Every structure is written in C-alpha cells, then in structure tokens.
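Hi there,

Here is the structure I promised to pass on. Have a look at it first, and then read on for what turned up.

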Amino acid sequence: MGFIVLLLLGAIMISAARFSGSSRRKKGVLGERTVQEELDKLDQSIYTVFHDLYIPRSNGRTAQIDHLVLSTHGIFVIETKNFSGRIFGDESEKYWIQKTLKRRETFYNPVWQNAGHIRALKEFFGHSNGIKYYSFIAFTRKSQLELGEPFKEVSVLYADQLVESLCTQRKQRMNAVLVRELAEKLEPFNEAGRRKKRAIEKKHVRAIKSGKRQRERNKSEGVCPRCGGALVKRTGRYGAFKGCSHFPECRFTKVRED
C-alpha cells in the first residue's frame with residue numbers, strides 16, 4: 001500500500017512540474033505575441049522584423065532571440081518578459097526580483113540576457129564595426145516596473161511603448177547594402193519550419209541546462225563562467241569577493257566561500 005502511495009505522489013509531482021513548465025512557456029508565447037502585434041505597426045518599407053530566431057554559435061549552441069528589428073538606423077534586439085506583479089532590478093544586478101501577492105521570486109537579469117544575444121549576433125555577423133546594436137527589454141502591462149537608476153546601455157519599457165521608443169532612433173547608422181546583406185543572412189532562420197524550430201528549441205533548452213552545469217564547474221575551478229577569464233580575489237565595501245580578471249570589460253563577481 002505504501003509503495004502505491006509513493007508512486008501516486010511521484011506521478012503527481014511529475015505532472016505538476018510539467019504543468020508549471022508548460023504554463024511558463026504559454027506565458028512567454030503570449031508575451032511575444034503582444035510584442036509582435038506592436039512591431040506590426042512599424043513601417044515595413046523602413047524596418048524588417050524577425051521573430052523567434054535561433055542564432056547558431058561557434059560552440060554548437062544557439063541563442064534564442066525573441067524579436068529583432070533591422071533598419072538603416074541599426075539592429076534592435078528585443079527580449080520580452082510577460083511577468084505579473086512588481087519588478088525590481090537595475091543594470092548591474094545579476095538577478096531581478098518579481099513580487100506578487102503570493103510569492104517572491106528571482107530571475108536572471110534580462111539586460112545581461114539580451115547582452116548575450118547581442119554578443120551572439122556579433123559573432124554570427126562577423127564582429128563588423130559597421131553594425132549598430134540597440135538593446136530593448138519589453139515587459140507587458142501585467143507587470144509594474146520599479147527599477148533602479150536610469151539605464152545606460154539598454155531601454156527597459158512596456159511593450160506598448162516599444163515602437164515609439166524605437167522610432168526615436170532616426171540617425172542612419174548603416175547603409176542599405178549592409179542592411180540587405182544582414183537580412184539575407186537572417187532569413188533562413190526566420191523561415192525555419194515549425195517542426196525544425198521545435199527540434200532547435202529542444203536542443204537550445206538542453207544546451208542551457210548543460211551550460212549551467214558547466215558554469216557551476218567553472219566557478220568552483222576559479223574560471224569566470226561569463227568570459228573564461230581567471231577569478232581573482234578582491235575586496236570591496238561589503239568584504240572579500242572574487243571578480244573576473246578582465247574587469248571592467250567583464251563584471252562577473254562571486255562571493256568568497258573561504
């Protein structure tokens with residue numbers, strides 16, 4: 001009898017975990033759809049819009065980009081967040097906070113997340129100095145943004161503010177020939193079939209999990225998980241910590257455990 005009860009409890013826990021993961025994916029899709037509807041308002045003769053891109057990386061992994069807008073004004077890389085509740089965070093913190101009536105959770109800084117997407121694009125396009133990138137983090141109106149100091153390298157806003165903010169960038173940053181070349185390079189990934197995208201997405205998720213395990217191993221071995229530099233001992237206002245030797249280019253830090 002006890003064995004059957006344990007089996008039932010295990011089945012319930014597995015079902016709950018699957019439901020939770022499915023629910024998060026659905027929320028993400030709804031948020032991306034909200035942003036897509038906003039981006040549809042852009043002048044298509046000026047802007048070329050891509051959604052749900054999986055950009056291949058040299059290490060065999062992929063970078064999943066929610067939305068990318070391409071024009072002579074630059075490349076606008078957009079990360080979407082469909083969270084409810086109050087959102088706290090600033091540009092330099094590794095984790096942000098989501099507070100609702102029922103819970104308090106942390107999530108990885110979307111500014112850093114989108115910076116990783118831009119690094120992947122630079123690698124994909126060949127680190128061309130002629131390309132200008134802009135980072136946008138778009139939250140749906142389900143959230144209440146209570147952020148820190150003004151952001152310097154990124155725009156964090158609501159989805160319905162996105163188009164107006166994007167259109168304020170009027171200076172020509174790239175010529176039309178370069179824009180056309182970049183669009184042609186992205187097009188195959190934009191046209192990937194649903195079945196192919198699903199396979200890429202599964203591979204992407206596995207790579208993320210594998211990457212997290214590798215980063216934890218790197219930290220324990222004294223290697224920066226972000227750029228591969230050595231972690232060195234430093235002292236700050238709040239005591240001793242380990243920081244990347246490539247500072248200020250890389251600002252990874254780790255609280256010393258010894």
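Let me start with helix H4: the cover over its buried residues includes strand E1 (48-56), strand E2 (62-71), strand E3 (74-81) and helix H2 (110-125). Here, contact means heavy atoms within 4.5 Å, and buried means under 20% relative accessible area, with exposed over 50% and partly exposed in between (1.4 Å probe, protein chains only). Helices (H or I, at least four residues) and strands (E, at least two) are DSSP runs, numbered from the N terminus.

A word on the source: this is a predicted model, in which local features need pLDDT of at least 70 and side-chain atom pairs count only at pLDDT 80 or more, while totals for chains, interfaces and linings use all residues. Residues are numbered from 1 along each chain as its sequence is written, and side-chain values use heavy atoms, with hydrogens and water left out.

Back to H4. Its buried residues are Leu178, Val179, Leu182, Ala183 and Leu186. The helix bends by about 25° at Glu184, with a proline, Pro188, following within four residues; the bend is the angle between axes fitted to the seven residues ending there and the seven starting there. Also in this part of the chain, the charged end of Lys185 sits over the ring of Phe124, 4.9 Å from its centre. Likewise, the charged end of Lys99 sits over the ring of Phe88, at 5.3 Å from the centre. For this, NZ of Lys or CZ of Arg must be within 6 Å of the ring centre and within 35 degrees of the ring normal.

Now the aromatic pairs. Rings of Phe, Tyr and Trp (its six-membered ring) pair if their centres lie within 6.5 Å; planes under 30 degrees apart count as stacked, over 60 as edge-to-face and the rest as tilted. By this rule there are eleven aromatic pairs. Phe76 and Phe136 make a tilted one, 6.0 Å centre to centre with 50° between the planes. Phe76 lies in strand E3 and Phe136 in strand E7 (residues 133-139), so the pair ties together parts 60 residues apart in sequence. Both Phe76 and Phe136 are buried. Tyr108 and Trp112 pair edge-to-face, at 6.1 Å and 80°. Tyr108 is partly exposed at 35% relative accessibility, whereas Trp112 is buried at 16%.

Finally, ring pairs link Phe83, Trp96, Phe107, Phe139 and Phe151 into a cluster.

Best wishes
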